[in-house]
Amino acid sequence: MKISFPEPVKKGWSFFLRHWFWILLVVFVGHIVFFDEHSLVKYCSYRRQEAAIQEQIDSYRDSIFQYEQGIEELSGDNSRLEKFAREKLMMKKTDEDVYLFDE
């Protein structure tokens with residue numbers, strides 16, 4: 001008993017049989033680019049996260065550098081240390097009164 005398929009089915013199968021390598025290659029590349037554990041989409045996402053984290057690291061290094069400069073200035077001169085304590089920390093000497101005015 002011979003089974004005969006309709007003509008559109010025969011043409012469809014003949015297309016797949018003639019181009020099976022290219023079809024398989026497209027499916028494989030699509031899988032690698034979108035669905036794999038190490039896909040191109042995830043790779044781009046990781047690169048963006050890495051760039052954002054690197055920017056944070058750079059800003060933290062800059063702020064550390066500024067704090068270190070401030071520490072050096074305050075540790076070198078007692079008059080600057082006293083000025084800093086009075087203005088920023090609102091400290092006063094024991095025998096003086098401080099009045100604050102709102103502008």
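1. Aromatic pairs first. Rings of Phe, Tyr and Trp (the six-membered ring for Trp) pair if their centres lie within 6.5 Å, with planes under 30 degrees apart counting as stacked, over 60 as edge-to-face and the rest as tilted. On that basis, a search of the whole structure turns up three aromatic pairs. One of them joins F21 and W22 edge-to-face, at 5.3 Å centre to centre and 80° between the planes. Ring pairs also link W20, F21 and W22 into a cluster.

2. Some ground rules before going on. This is a predicted model, in which local features need pLDDT of at least 70 and side-chain atom pairs count only at pLDDT 80 or more, while totals for chains, interfaces and linings use all residues. Residues are numbered from 1 along each chain as its sequence is written, and side-chain values use heavy atoms, with hydrogens and water left out.

3. The overall layout is quick to describe. The chain has four helices and zero strands, running α-α-α-α from the N terminus. Helices (H or I, at least four residues) and strands (E, at least two) are DSSP runs, numbered from the N terminus.

4. How much of the chain is buried? Buried residues make up 2% of the 103 residues. Here buried means under 20% relative accessible area, exposed means over 50%, and partly exposed is in between (1.4 Å probe, protein chains only). The accessible surface comes to about 10,500 Å², and 62% of that belongs to carbon and sulfur atoms. These areas come from the Shrake-Rupley method with a 1.4 Å probe; for residues, only the protein chains shown count as cover.

5. F21 counts as partly exposed because its relative accessibility is 44%, whereas W22 reaches 54% and so counts as exposed. Both belong to a nonpolar surface patch of about 840 Å², made by W20, F21, W22, L24, L25, F28, V29 and I32. Patches consist of residues with over 30% relative accessible area and no salt bridge; like charges are joined within 9 Å, and nonpolar side chains (Val, Leu, Ile, Met, Phe, Trp, Tyr) within 5 Å. I32, another patch member, sits in helix α2 and is partly exposed at 33% relative accessibility.

6. S39 deserves a look. Its place is in the loop between α2 (20-35) and α3 (40-76), and S39 is buried, with a relative accessible area of 2%. The S39 side chain reaches the backbone nitrogen of K42 at 3.3 Å. That is a polar contact: a pair of N or O atoms within 3.5 Å, where within protein one must be able to donate a hydrogen and the other to accept it, and residues adjacent in sequence count only if both atoms are side-chain atoms. Leaving aside neighbours within four places in sequence, S39 is in contact (heavy atoms within 4.5 Å) with I32, V33 and F34.

7. Now the charged side chains. A salt bridge is a side-chain nitrogen of Lys or Arg within 4 Å of a carboxyl oxygen of Asp or Glu, and the whole structure has four. E82 forms one with R86, the closest N and O atoms being 3.2 Å apart. Both residues lie in helix α4, four residues apart, about one turn of the helix. E82 is partly exposed at 37% relative accessible area, as is R86 at 29%.

8. Which residues join this pair in a network? K93 meets E82 in a salt bridge at 3.7 Å, N to O. That pair links distant parts of the chain, with K93 in the segment after α4 and E82 in helix α4, 11 residues apart. K93 is partly exposed, at 43% relative accessible area. E96 and R86 meet in a salt bridge at 2.5 Å, N to O. Again distant parts of the chain are linked: E96 is in the segment after α4 and R86 in helix α4, 10 residues apart. E96 counts as partly exposed because its relative accessibility is 22%. Through shared partners, salt bridges join E82, R86, K93 and E96 into one network.

9. One backbone item to check by eye. Most residues other than glycine have a negative phi. M90 has a phi near 55°, a positive value in a residue other than glycine. M90 is placed in the segment after α4 (78-88) and is exposed, with a relative accessible area of 54%.
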